[in-house]
Amino acid sequence: MIQKIKRFNESQCLALSLSIFLLIIMIGCDNQYYDERLQMRVQKLDSDLMNRWSTSGVVVTEVTPNGPADKAQLESGELISYVIAEYPIKTVADFNNAMKTGLDEDNNLMLYLKDKPPLRIALRRQGDNVGFSVEGSGTVRVKTIESGTPAANSNIQVGDIVERVVDERKIYSLDDYKKILGKLSKQQITFRTTELIGVKIAAVSALGDLGDVRAIEPLIDIFENSTELSLRKASVSSLQRLVELSVLNDLFQQFQSANVNQLPADSLQPQQLEAAAILELLTVDRAENTATLEAPFGTQFRHRSEALYQKINEGQLAELAQKYIQITVEPEQEIRRACLAMLGILKPVSAIDALVTVLDNSAEIPGIRFQAGLALSQIGEPAVDALISAFENGDTSTKDIAASALGGIGGTKARDRLIQALENTSEPAIQLTLVDAIAKIGDTPSRQALERQRAQYPADDDSGIRIFLDEVFRNLEQKSM
């Protein structure tokens with residue numbers, strides 16, 4: 001009658017005792033409900049947990065021994081977030097009833113056809129036509145499909161065998177639980193349960209904010225071993241923050257050496273000062289010429305920065321980040337992006353080939369390819385040869401990103417190759433990118449090359465390349481003033 005799906009690994013539950021403590025102090029004793037059918041008591045989730053951590057459901061607070069809930073291994077403290085009903089299809093009536101019930105609330109359900117992956121059927125409005133009918137008894141097959149309907153746009157074909165319909169209902173409140181369980185009283189149901197994931201996410205995020213070297217190993221363990229995507233994303237975000245913090249070591253050592261939490265702003269390196277302010281570690285008052293560490297993170301971090309810097313630069317995180325930038329290894333783009341950002345900060349020469357592979361991967365999303373190019377630009381001179389090769393052999397997107405990265409690096413070799421490419425290409429899009437990249441370098445040979453390029457177009461030419469060249473020279477003149 002009832003089963004349970006657990007969505008977390010017991011051995012990986014971070015701050016479980018904290019979760020239980022929060023449940024005790026936050027939920028209180030009101031809004032409880034004893035489910036006679038399943039012989040367990042459930043309770044409303046505190047609104048603070050729902051709003052702050054986007055968590056919803058009802059919490060199991062009591063399970064009667066040997067009752068249906070106990071036999072399904074439900075436990076006190078678990079959060080029921082979904083009720084899932086399964087409808088086996090043996091007749092046309094089974095199908096029609098399942099579709100009607102499954103679509104009456106949230107307009108979507110899962111359809112299981114024999115020898116095909118599960119299909120999600122979703123309607124824009126309640127009452128819309130799904131678009132197919134069935135026939136048969138014992139074995140129920142798709143009879144007709146109407147064009148322009150959700151069925152016609154899905155992987156459904158006439159003759160497909162319909163095995164079952166599965167309806168997932170998300171639980172938002174105690175009233176939802178009562179209503180949904182009442183409607184599904186005759187169906188076999190499954191509960192999807194989770195721990196209060198927001199508590200763990202908050203703890204993982206706090207590890208990054210503390211800037212403590214002791215956080216690195218636990219965060220790596222969570223990132224590589226957790227089955228919860230939200231925890232993996234939180235952990236890699238915290239690791240990225242720790243890397244960002246580590247490069248501020250020189251700045252914070254000035255505070256530490258002086259044994260103060262405030263220094264004259266003009267005595268500190270402007271770029272690091274700005275970065276620390278963005279990370280909310282200190283505030284800058286230009287009128288008073290002061291840089292003041294923020295409590296508690298900024299004031300504490302001056303004692304921790306040296307140890308963190310040394311640990312980060314041992315190479316473990318650079319190796320980890322390099323492993324997870326490939327889409328074949330890590331499908332979640334947010335994680336790949338964070339790993340690329342870390343490599344850009346750490347600048348490991350060993351990652352150049354892997355970064356070029358990402359840059360040159362036409363199956364990768366453009367933003368990730370651009371991030372790989374940015375990381376190569378941050379690595380600098382050691383990446384020039386690889387970027388030149390990528391430019392010469394890659395597709396249009398690769399050429400665009402590689403040229404921009406070469407312009408960001410600068411230097412004689414990068415400059416000369418960009419100028420050569422500009423003088424030998426007729427593709428407008430590549431020309432614009434090359435002009436922009438050469439303008440970034442901005443030295444005398446670069447200006448002369450851009451002058452030669454502009455001289456090829458009449459002064460009244462309204463082409464995109466001539467207009468862009470004029471704008472580039474206006475900007476260069478303003479910089480030189």
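Select Leu-387 to begin. Setting aside residues up to four places away in sequence, Leu-387 touches Leu-359, Leu-376, Ala-402, Ala-405, Leu-406 and Ile-409. The model you are looking at is predicted.

Now zoom out to the whole chain. The protein has 481 residues, and 46% of them are buried. Its secondary structure amounts to 21 helices and 14 strands. Take the contacts between residues at least 6 apart in sequence: 64% of these join residues at least 24 apart.

Select residues 333-346, helix H13, and residues 366-379, helix H15. How do H13 and H15 run relative to each other, roughly parallel or roughly perpendicular? Their axes cross at roughly 10° and come within 8 Å. An angle under 35 degrees counts as roughly parallel, so H13 and H15 are roughly parallel to each other. To see where they meet, show the side chains of Gln-333, Arg-336, Arg-337, Leu-340, Ala-341, Gly-344 and Ile-345 on the H13 side. On the H15 side, show Gly-367, Ile-368, Gln-371, Ala-372, Ala-375 and Gln-378. By class, the residues of this contact of H13 with H15 are six nonpolar, five polar and two charged.

For another helix pair, select residues 229-246, helix H8, and residues 297-312, helix H11. The axes of H8 and H11 are 9 Å apart, and the helices pack at an angle of about 105°. That angle falls in the range of 65 to 115 degrees, so H8 and H11 are roughly perpendicular to each other. In H8, pick out Leu-242, Val-243, Leu-245 and Ser-246, which meet Phe-301, Leu-308, Tyr-309 and Ile-312 in H11. The contact of H8 with H11 has seven nonpolar residues, one polar and no charged ones.

The last stop is Thr-433, in helix H19, residues 428-441. Is Thr-433 buried or exposed? Its relative accessibility is 12%, so Thr-433 counts as buried, the cut-off being under 20%. Beyond its neighbours within four places in sequence, Thr-433 is in contact with Asp-400, Ala-403 and Ser-404.

Technical notes:
Residues numbered from 1 in each chain as written. Predicted model: local features only at pLDDT ≥ 70, side-chain atom pairs only at ≥ 80, totals over all residues. Heavy atoms only, no water. Helix = DSSP H or I, 4+ residues; strand = E, 2+ residues; numbered from the N terminus. Buried < 20%, exposed > 50% of the residue type's maximum accessible area, 1.4 Å probe, protein only. Contact = heavy atoms within 4.5 Å. Axes fitted to C-alpha atoms, helices over the stretch in contact; angles between N-to-C directions. Parallel < 35°, antiparallel > 145°, perpendicular 65-115°, else oblique. Nonpolar A, V, L, I, M, F, W, Y, C, P; charged D, E, K, R; others polar.
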